[in-house]
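This report describes selected helices, packing contacts and individual residues. The sequence and the structure are displayed below.

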Amino acid sequence: MQEFSIEDKALKTSELSKLRKEMSKVQDSKRFEHTLSVAYTASNLAACYGESVDCALIAGMLHDCAKCLPEKKLLSICEKQHMEISEEEYKKPSLLHAKAGSYLAEKEYNVKNKDILNAICNHTTGRPGMSLLEKIIFVADYMEPGRRQAPRLDQIRKTAYTDLDKAVLMILEDTLNYLQASGSVIEKTTQETYQYYVTSQKTIL
């Protein structure tokens with residue numbers, strides 16, 4: 001498969017079709033439908049904010065490329081690549097699908113653009129000081145049309161097209177509330193990201 005970079009003037013239809021076909025092979029039908037919706041939503045947000053639509057499509061298409069791998073495989077990939085694995089990730093290895101996905105995007109799907117790889121790597125927890133593309137994929141993953149259960153979805157979807165940082169903060173807040181209420185594992189990066197964007201919003205105000 002051809003390498004993708006931010007210098008590419010246009011993502012050929014045939015290249016996007018190849019990515020779509022590859023994802024259909026490694027994802028179950030429900031996950032594949034989610035992937036297509038995230039890529040679609042990300043491309044719309046990219047067009048809205050002046051980000052590369054092609055980069056958004058690639059990142060959206062590949063963001064869950066490792067999602068359907070067994071937990072042992074996710075751990076194996078991250079350990080072999082000497083990636084930092086938190087205590088929370090050892091408790092719940094499925095959290096590693098973003099880090100493992102970033103590695104696979106580069107090694108298996110020939111993506112060399114660091115911003116795209118970072119967007120894949122950080123699409124679940126976010127990180128303090130995300131790039132525009134990272135925020136787009138983070139938000140698109142949460143609010144794509146197939147989502148039904150998350151609170152404030154309508155409000156988040158409207159906000160995402162007028163104030164992306166505020167949408168990021170709303171998603172982080174709702175995610176943390178859900179994880180705390182359900183007694184689920186909370187990755188420390190999610191908490192750090194939340195605090196960062198709380199401070200950023202206060203600074204703007």
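## Helix α4

On the face of α4 turned away from its buried side, the exposed residues are Lys 72 and Lys 80, exposed denoting over 50% relative accessible area, buried under 20%, and partly exposed the range in between, with a 1.4 Å probe and protein chains only. Helix α4 spans residues 71-80, and its buried residues are Leu 74, Leu 75, Ile 77 and Cys 78. These residues lie on the same side of α4 because they cover an arc of only 160° around the axis, the arc being that of the directions from the helix axis to the C-beta atoms. Helices, numbered from the N terminus, are DSSP runs of H or I with at least four residues.

The buried residues of α4 pack against α5 (87-91) and α6 (97-107), where contact means heavy atoms within 4.5 Å. Just after α4, His 82 adopts a positive phi of about 55°.

## Basis of the model

The model is predicted: local features require pLDDT of at least 70, side-chain atom pairs count only at pLDDT 80 or more, and totals for chains, interfaces and linings use all residues. Residues are numbered from 1 along each chain as its sequence is written, and side-chain values use heavy atoms, with hydrogens and water left out.

## Helix α9

In helix α9 (residues 153-160), Leu 153, Ile 156, Thr 159 and Ala 160 are the buried residues. Their arc around the axis is only 130°, so they sit on the same side of α9. Asp 154 and Lys 158 are exposed on the other side. The packing partners of the buried residues of α9 are α2, α8 and α10 (164-182).

## Crossing of α7 and α8

The axes of helix α7 (residues 114-121) and helix α8 (residues 132-143) come within 8 Å and cross at roughly 35°. Axes are lines fitted to C-alpha atoms, for helices over the stretch in contact, and angles run from 0 to 180 degrees between N-to-C directions. This crossing of α7 and α8 is right-handed, meaning that the near helix is turned clockwise from the far one by less than a right angle.

From α7, Asp 115, Ile 116, Asn 118 and Ala 119 meet Leu 133, Glu 134 and Ile 137 of α8. By class, the contact of α7 with α8 comprises four nonpolar, one polar and two charged residues. Here Ala, Val, Leu, Ile, Met, Phe, Trp, Tyr, Cys and Pro count as nonpolar, Asp, Glu, Lys and Arg as charged, and the others, Gly among them, as polar.

## Two buried threonines

Thr 41 belongs to helix α2 (residues 29-49) and is buried, with a relative accessible area of 5%. A polar atom of the Thr 41 side chain lies 2.8 Å from the backbone oxygen of Ser 37. Beyond its neighbours within four places in sequence, Thr 41 is in contact with Ala 140, Met 143, Glu 144, Pro 145 and Tyr 161.

Thr 193 is located in helix α11 (residues 188-204), and its relative accessible area of 0% makes it buried. Its side chain reaches the backbone oxygen of Thr 189 at 2.7 Å. Not counting residues up to four places away in sequence, Thr 193 touches Thr 125, Gly 126, Arg 127, Pro 128, Met 130 and Leu 172.

## The loop between α8 and α9

Gly 146 is found in the loop between α8 and α9. With a relative accessible area of 46%, Gly 146 is partly exposed. The C-alpha atoms of Gly 146 and Lys 30 are separated by 9.7 Å, although the two residues are 116 residues apart along the chain.

Definitions and conventions. Polar contact = N/O pair within 3.5 Å; in protein donor to acceptor, adjacent residues only side chain to side chain.
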